[in-house]
Amino acid sequence: LKIEVRPCVIVGLQTSNTNEEIESSQIFLQQAETVRLGKENGQSVRVTDLTSMQESSPKGHDDVDREQVLLRMSKAGTHVGMAYTGKVTEI
């Protein structure tokens with residue numbers, strides 16, 4: 001058992017499946033400058049540079065520019081790119 005207290009964020013995601021239907025999901029990330037999400041152009045965006053949709057748009061407006069990032073869907077968690085099996089307990 002390893003207990004660490006670190007600030008985290010939940011990032012909401014929307015993806016299109018093969019039928020062009022929109023699917024929503026979430027990812028749980030440590031809030032740190034070293035945690036980055038890849039972009040299609042080869043660049044990356046720091047988790048700390050993401051803007052909350054609540055901060056960036058009035059309630060009910062879905063037409064704001066959203067950050068586009070690359071995504072690989074998996075049920076396993078990863079740490080430094082390595083898959084792990086474990087359980088995260090929020091306290």
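This is a predicted model: local features need pLDDT of at least 70, side-chain atom pairs count only at pLDDT 80 or more; totals for chains, interfaces and linings use all residues.

User: How do strands S1 and S2 pair, and over how many bridges?

Analyst: Strand S1 covers residues 8-16 and strand S2 covers residues 22-30; the two pair in the antiparallel sense, over nine bridges. As an example of residues facing each other, Leu13 stands opposite Ser25 in S2. S1 and S2 form a hairpin, with five residues between them. In that turn, Glu20 has a positive phi of about 65°.

User: What share of the residues of the protein chain count as buried?

Analyst: Buried means under 20% relative accessible area. Of the 91 residues in the protein chain, 10% count as buried. The chain exposes about 8500 Å², with 47% of that supplied by carbon and sulfur atoms.

User: Which residues make up the largest nonpolar core?

Analyst: That core has six residues: Val11, Leu13, Leu29, Leu37, Val45 and Val47. Leu13, which we met opposite Ser25, is one of them. Let's look at Val47 too: setting aside neighbours within four places in sequence, Val47 is in contact with Val9, Leu29, Gln30, Gln31, Ala32 and Val35.

User: How many salt bridges does the count come to, and which residue forms a salt bridge with Asp49?

Analyst: The general idea first: side chains of opposite charge can pair when their charged atoms come close. Here the count comes to one salt bridge. Arg46 is the partner of Asp49, and their closest N and O atoms are 3.7 Å apart.

User: Where is Arg36 found, and what is Arg36 in contact with beyond its neighbours within four places in sequence?

Analyst: Arg36 lies in strand S3, residues 36-38. Beyond those neighbours, Arg36 is in contact with Ser44, Val45 and Arg46. Arg36 counts as partly exposed because its relative accessibility is 45%. Along the chain, Arg36 and Asp49 are 13 residues apart, and their C-alpha atoms are separated by 9.3 Å.

Definitions and conventions:
Residues are numbered from 1 along each chain as its sequence is written. Side-chain values use heavy atoms; hydrogens and water are left out. Buried means under 20% relative accessible area, exposed over 50%, partly exposed in between (1.4 Å probe, protein chains only). Accessible areas come from the Shrake-Rupley method with a 1.4 Å probe; for residues, only the protein chains shown count as cover. A nonpolar core is a set of buried Ala, Val, Leu, Ile, Met, Phe, Trp, Tyr and Cys residues joined through side-chain atoms within 4.5 Å. Contact means heavy atoms within 4.5 Å. Helices (H or I, at least four residues) and strands (E, at least two) are DSSP runs, numbered from the N terminus. A salt bridge is a side-chain nitrogen of Lys or Arg within 4 Å of a carboxyl oxygen of Asp or Glu. Two strands pair if DSSP finds at least two bridges between them.
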